Amino acid sequence: MKGKGRVNFVAVNEQGYRIGASHHNARLPDDVIDKIRDMHEDNEIGYRKLSKIFNIPLSTIKKICKYERRAQTIDRWKKIIDDKED
């Protein structure tokens, strides 16, 4: 029996691909990414200290702060219906 599934909205870029925390490989929520960038840019906290604070590899912190990771902007929100039965 197929009923209505749960409706989720995911962020997508201009090409329609999932981005940010909506992406299936994302391990960090968007608010953590924003916090890392704010702490680095506003408070001038270094990569090494951020790496220790968030327990995230130094190379990942550098890429986040340099906008080499998680730097796309949301073009629109896409509705996804999850029909999986629990």
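Start with R6, which forms a salt bridge with D82; their closest N and O atoms are 3.4 Å apart. That pair links distant parts of the chain, with R6 in strand β1, residues 6-12, and D82 in strand β2, residues 76-82, the two being 76 residues apart. R6 is exposed, because its relative accessible area is 55% and the cut-off for exposed is over 50%. Bear in mind that this is a predicted model.

How many salt bridges does a search of the whole structure find? Three. Another of them joins the side chains of R70 and D30, at 2.5 Å from N to O. R70 sits in the loop between α3 (58-65) and β2, and D30 in helix α1, so this bridge ties together parts that are 40 residues apart in sequence. Both residues are partly exposed: R70 has a relative accessible area of 25%, and D30 has 38%.

There is also a bridge between the side chains of R76 and D75, 2.9 Å from N to O. R76 is partly exposed at 39% relative accessible area, and D75 is partly exposed at 40%.

Now the pocket. The largest one has a volume of about 350 Å³. Its lining is made up of 17 residues, and those nearest its centre are G20, D30, R70, A71 and Q72.

Which element gives the largest share of the lining? Helix α1, residues 30-43, with four residues. By type, the lining holds six nonpolar, five polar and six charged residues.

Notes: Residues numbered from 1 in each chain as written. Predicted model: local features only at pLDDT ≥ 70, side-chain atom pairs only at ≥ 80, totals over all residues. Heavy atoms only, no water. 1 Å grid on protein atoms, 1.4 Å probe; cavity = no way out; pocket = protein on both sides within 12 Å on 5 of 7 lines; lining within 4 Å. Points joined across faces, edges and corners; volume = space filled by probe spheres on them. Nonpolar A, V, L, I, M, F, W, Y, C, P; charged D, E, K, R; others polar. Salt bridge = Lys/Arg side-chain N within 4 Å of Asp/Glu carboxyl O. Buried < 20%, exposed > 50% of the residue type's maximum accessible area, 1.4 Å probe, protein only.
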